[in-house]
Structure formats: C-alpha cells, structure tokens
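Here is a brief report on one protein model. Look over the sequence and the structure first, then read on.

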Amino acid sequence: MEQPETIQKNIPRAAGKMLRRLVSYLACDRSLLIVIFCMIVIGIAADLTGSYLLRPIINDYILPGDLRGLVRMLTMLSGVYLAGVAAVWIRSYLLNRIAQRTVHRMRSELFEKIEYLPIKYFDEHQHRDLMSRYTNDIDWISDALTDSLSDMFSSVLTLTGIFVLMLYISPILTLVALITVLVMILSARQIVKKSSRYFKAQQVSLGDMNGYIEEMISGQKVVKVFGHEPQVEAGFREKNLDLQDKSLKAQFYSGLMMPVMQNLNTLTYVFITIVGGILAIYRGFDIGGLATFLQYSRQFGRPINELASLYNTIQAALAGAERIFQVMDEEPEPADAPDAIPIEHMKGEVALDQVYFSYDPGKLILKDINLCIPAGKKIALVGTTGAGKTTILNMLPHFYDIESGDITIDDISLYHIRRKSLRQMMAIVLQDTHLFTGSVR
C-alpha cells in the first residue's frame with residue numbers, strides 16, 4: 001500500500017489535472033451550467049444587497065424614527081431575500097440533476113472501459129479494489145459535484161463581493177479584517193497540510209476492506225469447510241484497524257478546521273467592534289456603517305470556513321477520481337492484426353509450436369512448449385500448481401500474447417484469427433467449484 005508521505009507528494013501534482021477532467025464531464029450540460037451560474041450570482045447579490053440595506057435602514061429610518069419608511073425598506077429587504085432563496089433553490093435542483101447525470105456517464109464509461117480491458121489487467125488487480133472504485137470513489141465524486149464545486153465557486157464570489165463592499169464602507173476596518181483573515185488562512189493551511197495526506201490512503205484502505213468482506217461472504221462455504229474462521233477474523237481485524245487508523249487521522253484534522261476557523265472569526269468580530277467603536281466616537285463613523293461592516297465581517301469568515309472545509313471533501317473526491325481515471329486510462333485489449341480473418345467453423349485441431357510465455361518479463365512460465373491435440377480428442381494436462389496448465393488454457397482464446405513460437409487452430413495461426421470469432425467458437429469451464437441443490441438440470 002502506498003505510504004502517506006508518498007500520497008502527499010502525488011496529490012498536489014495530480015489535483016489540477018483531475019479537477020479539469022471532472023469539470024470536462026459537466027460540459028454536456030453547458031446550458032444548465034450557465035443557468036446555475038446566473039442563479040449563484042443572483043443568490044450572492046441578494047445576500048450582499050440585503051446586508052448593505054442595513055446601513056440606510058439604521059441611519060435613515062431607525063435613528064430618525066421614520067416608521068413608514070422603515071416598513072417600506074423592510075418590505076424591500078424581504079423581496080431581496082426571497083429572490084435569493086428562490087435562486088438558491090433553483091441552483092440546488094439543477095446542480096443535483098447535472099451531478100447525477102454526470103456520475104451516470106462516468107459510471108457507464110468506467111463499465112464500458114472494463115469490458116475492453118485485457119485479462120492481464122484483472123489478473124494484476126484485485127476485484128475488490130475495482131468494486132470499490134465503482135462504489136466509494138464514485139460516491140465521493142457525486143458528493144463533490146452535487147455540493148462542493150458549486151459551494152467553492154459561490155464562496156469565492158461571495159468573498160470577492162464582501163471584500164469590495166467592506167473596502168467601500170471603511171478601508172481602516174478592512175485592514176483589520178485582512179490581518180485576522182491572514183491568520184485564518186495560515187492556520188487553515190497547516191491543518192489542510194496535515195489532513196490531505198490521509199484521504200487517499202483512507203480510500204485505498206476502504207476499498208481493500210470492502211473487497212475482503214465481499215470475498216469472505218461469497219466464500220463462506222469454503223471458509224467453514226476448512227475451519228478457517230479464526231484466520232478470516234484476524235485478517236478482517238487487521239484491515240479494519242488499518243482503515244480506522246487512516247480514517248481517524250483524516251477526520252480528526254478535517255474536523256479540527258471548523259472550530260479553529262470559528263474561534264478566529266469570533267476574534268475578528270471582536271477586533272472590528274473595538275476599532276469600529278473608536279472610529280464612531282472619534283472619527284464620526286456612522287452607526288449604520290458599523291453595523292453593516294460587522295455583518296459583512298461575519299459573512300467574510302463564512303466563505304473562508306466553507307472553502308477550508310470543502311477542501312477536504314474535494315480532496316477525497318480528487319483521490320477517488322484519480323483511481324477511476326487510472327482505469328479509464330488503461331490500454332484496452334490490442335486490436336486484431338490487419339490480416340486477421342473471421343472463422344465460422346472449427347474442427348478443433350490445436351498445436352503449440354515452441355511456445356515461450358511469461359506474465360512478467362524475465363520470468364518464463366512456458367518454455368519451449370510443443371503440443372499437438374487432434375480434433376475430437378480429450379486430453380488432460382496434469383502438473384503441480386503453477387506448472388502452467390491454466391496458462392495454456394488462457395493462450396487458446398488469445399487472452400495473452402506469447403513471447404515467441406506459434407499457436408495454431410486448424411492450421412491457422414491464432415494471431416491471424418479475429419478474437420471475437422475465435423472466442424465464439426470456444427467454451428471455457430474454469431476450475432471454480434459450484435455446488436447445486438438437486439440435479440444440474
């Protein structure tokens with residue numbers, strides 16, 4: 001298993017590429033994305049406008065005691081917030097729809113890719129790990145597309161809008177806010193540095209444990225026949241403890257983010273209140289402006305907190321995306337030779353002529369194998385485990401390419417026959433044991 005230190009080095013390099021590939025899957029719904037963008041802008045504008053209206057409400061209506069004007073402004077304020085609520089609802093509905101369609105496309109593409117991967121890939125990768133990519137990793141991506149990406153974009157726009165309005169209201173108070181925000185960013189960076197390294201390790205460990213559970217449940221008969229329960233329990237405990245260790249570290253540091261950010265945000269509020277009070281007493285700063293700025297200072301910390309917390313979710317999604325794209329980027333089964341022909345009938349005469357084969361370069365499994373099997377004959381290949389019996393069987397449907405020599409069927413080289421037609425002429429019954437209640441019929 002990849003160590004956390006290595007994971008930490010790999011994630012930043014791959015994050016940008018993975019994010020771009022994820023976003024490219026959203027391109028099929030470009031028109032809906034434009035609508036979502038408009039809804040985000042409307043929602044942010046309504047939120048910021050509603051907060052800024054506090055300034056004229058306090059200065060022009062509450063302090064002078066203008067009740068009629070206050071009612072009119074409150075009605076306008078309600079309309080602004082209702083427009084923002086409607087925009088957020090539309091955004092959430094459309095985004096959830098797009099996310100599910102995108103995940104559906106990714107899942108379909110992943111399944112189609114696996115159907116065309118060579119047998120060698122499945123021999124080299126655990127089935128439980130592949131299953132985890134279909135479930136856990138896809139779920140992380142679904143969560144990120146449904147909420148995190150739009151929230152991240154919304155937070156950035158909100159942060160920009162609030163900063164501009166704060167600067168407009170009071171440059172001095174804005175400077176105070178920026179100093180405390182810098183402390184928040186540095187603190188968040190340290191926490192993220194600690195937490196991000198464990199998220200990919202958590203995904204790998206989760207896939208390993210889920211696959212182990214699936215394997216043991218499906219193989220319960222074999223486990224019980226050989227009395228292997230203690231060994232299975234010990235194996236599960238080891239994998240469960242490993243997942244617990246990775247998850248505990250990842251969740252501890254990510255859970256530390258919000259309390260730290262909230263406390264720092266409270267300190268920001270206190271400092272701004274003190275400096276704003278001094279400005280109101282000695283510099284004539286208006287009370288409505290101070291109240292509005294305090295409102296913005298609270299809102300200013302919110303998108304920073306959201307960005308900090310979203311980082312961990314997005315990091316986990318990117319780790320899952322990396323594992324999915326690893327499968328999608330695998331080379332498919334090689335194409336048939338240009339001169340390959342289809343076959344419609346097969347007698348069944350098989351010959352191996354000086355065949356050499358290895359799964360790994362330099363480690364030969366078959367060495368100078370010569371074999372001739374007449375059509376219609378039944379033969380048995382006998383030998384110890386690892387002698388190459390199953391390997392020879394895998395050669396006949398052209399699951400693997402041999403290193404040298406030739407295999408012929410009815411005097412036609414295997415490599416001059418199209419794979420699809422070759423495999424349609426064959427039936428393989430592997431050595432897995434299946435028990436039935438009653439007769440086979």
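## Salt bridges

A search of the whole structure turns up 10 salt bridges. The model is a predicted one. Side chains of opposite charge can pair when their charged atoms come close.

One of the bridges joins Arg 21 to Asp 329, with the closest N and O atoms 2.8 Å apart. Arg 21 sits in helix H1 (residues 4–24) and Asp 329 in the loop between helix H10 (287–328) and strand E1 (350–360), so the pair ties together parts that are 308 residues apart in sequence. Arg 21 is partly exposed at 21% relative accessibility. Asp 329 is partly exposed too, at 45%.

Lys 239 bridges to Asp 208, with 3.1 Å between the closest N and O atoms. Lys 239 belongs to helix H9 and Asp 208 to helix H7 (residues 171–218), so this pair ties together parts 31 residues apart in sequence. Both residues, Lys 239 and Asp 208, are buried.

## A network

Glu 333 and Arg 423 meet in a salt bridge of 2.8 Å, N to O. Glu 333 is in the loop between H10 and E1, Arg 423 in helix H12, and they are 90 residues apart. Shared partners join Glu 333, Asp 336, Arg 419 and Arg 423 into one network of salt bridges.

## Surface and cysteines

Leu 267, Val 270, Phe 271, Ile 274, Ile 278, Ile 281 and Tyr 282 make a nonpolar surface patch of about 740 Å². Ile 278 lies in helix H9 (residues 229–282). Its relative accessible area is 46%, partly exposed.

The structure has zero disulfides. Cys 38 is partly exposed at 36% relative accessibility, while Cys 372 is exposed at 55%.

Terms used
Residues are numbered from 1 along each chain as its sequence is written. This is a predicted model: local features need pLDDT of at least 70, side-chain atom pairs count only at pLDDT 80 or more; totals for chains, interfaces and linings use all residues. Side-chain values use heavy atoms; hydrogens and water are left out. Patches are made of residues with over 30% relative accessible area and no salt bridge: like charges are joined within 9 Å, nonpolar side chains (Val, Leu, Ile, Met, Phe, Trp, Tyr) within 5 Å. Accessible areas come from the Shrake-Rupley method with a 1.4 Å probe; for residues, only the protein chains shown count as cover. A salt bridge is a side-chain nitrogen of Lys or Arg within 4 Å of a carboxyl oxygen of Asp or Glu. Helices (H or I, at least four residues) and strands (E, at least two) are DSSP runs, numbered from the N terminus. Buried means under 20% relative accessible area, exposed over 50%, partly exposed in between (1.4 Å probe, protein chains only). A disulfide is a pair of cysteine sulfur atoms within 2.5 Å.
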